[in-house]
Structure formats: C-alpha cells, structure tokens
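Subject: Structure for your review

Dear colleague,

Please find below the structure that I am handing over to you. My findings follow it, and I would be grateful if you read them with the structure open.

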Amino acid sequence: MSEGDAILEAIDAIYEAGLDPARWPATIRGLCALFGSTAGYLFVTDELSRAVRLAVTAGIPMELLQRYEQHYIKDCRRLAYATAQPGT
C-alpha cells in the first residue's frame, strides 16, 4: 500500500471512529503504526466542566494515564483557550 493510500485509510478510520467510538482504540493504534509512534492519546473534554468525556490510548500504561489526567488535564492551556470568550 502506498503512503498516500495509508493516509487516506487512516482518515477513513478517523471518520468511522467519530461515528462509532468503539473503533477509536484500533484507530489510535493504526495512527501510531502509520506515523511510527510508540504511543498515542486522544481525549475529549467537556469545555464547561473540563471533565474528560472520552480517553483512548495506545501504548500508554493506565497508571501513567491516570496521573496525567489528574495533574495536567485540570490545568490544560488548550482547554483554557477553548473556553475563553471571544475577544478575551
């Protein structure tokens, strides 16, 4: 399979996982393989409560993931920017 075909297949997998969250683990593993990564992490947060609504990993031990979520998610700059009012 060519690199272009592999990327298109990965994009298809992302769209399919968006419709069927049970497909995220395989999709994350596939993305890791495609890009030569040892680990991958996708998380979806509630912009108001900052609670993690979905977390999918590949290659990350659960203990490390829990520590990351407890410490860094609560002070995530991306979330601060996402929840800021326009013009602030």
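With which residue does Glu63 form a salt bridge? The partner is Arg67, and the closest N and O atoms of the pair are 3.9 Å apart. Please bear in mind here and below that this is a predicted model. Glu63 and Arg67 both belong to helix H3, which covers residues 62-71. Four residues separate the two, about one turn of the helix. Both Glu63 and Arg67 are exposed.

The structure holds three salt bridges. Arg23 takes part in the other pairings described here: its side chain meets that of Glu16 at 2.5 Å, N to O, and that of Asp20 at 3.5 Å, N to O. Through these shared partners, salt bridges join Glu16, Asp20 and Arg23 into one network. Glu16 has a relative accessible area of 39% and is therefore partly exposed. Arg23, at 38%, also counts as partly exposed, and Asp20 is partly exposed with 33%.

I turn next to the packing of two helices. Helix H1 spans residues 3-19, and its axis comes within 9 Å of the axis of H2, with a crossing angle of roughly 160°. Because angles over 145 degrees count as roughly antiparallel, H1 and H2 are described as roughly antiparallel to each other. The crossing of H1 past H2 is left-handed. On the H1 side, the contact is made by Ala6, Ile7, Ala10, Ala13, Ile14, Ala17 and Gly18; on the H2 side, by Trp24, Thr27, Leu31 and Leu34. Of the residues in this contact, nine are nonpolar, two are polar and none is charged.

Two buried residues also deserve a look. Cys32 lies in helix H2, residues 24-35. Is Cys32 buried or exposed? Its relative accessibility is 9%, so Cys32 counts as buried, the limit being under 20%. Beyond its neighbours within four places in sequence, Cys32 is in contact with Ser37, Ala39, Gly40 and Ala58. Ala58 is 26 residues from Cys32 along the chain, yet their C-alpha atoms are separated by 7.8 Å.

Thr45 belongs to strand S1, residues 40-45. With a relative accessibility of 14%, Thr45 counts as buried. Thr45 and Ala55 are 10 residues apart in sequence, and 8.8 Å lies between their C-alpha atoms.

Yours sincerely,
A colleague

Notes
Residues are numbered from 1 along each chain as its sequence is written. This is a predicted model: local features need pLDDT of at least 70, side-chain atom pairs count only at pLDDT 80 or more; totals for chains, interfaces and linings use all residues. Side-chain values use heavy atoms; hydrogens and water are left out. Buried means under 20% relative accessible area, exposed over 50%, partly exposed in between (1.4 Å probe, protein chains only). Contact means heavy atoms within 4.5 Å. Axes are lines fitted to C-alpha atoms, for helices over the stretch in contact, and angles run from 0 to 180 degrees between N-to-C directions. Angles under 35 degrees count as roughly parallel, over 145 as roughly antiparallel, 65 to 115 as roughly perpendicular and the rest as oblique. A crossing is left-handed if the near helix is turned anticlockwise from the far one by less than a right angle, and right-handed if clockwise. Ala, Val, Leu, Ile, Met, Phe, Trp, Tyr, Cys and Pro count as nonpolar, Asp, Glu, Lys and Arg as charged, and the others, Gly among them, as polar. A salt bridge is a side-chain nitrogen of Lys or Arg within 4 Å of a carboxyl oxygen of Asp or Glu.
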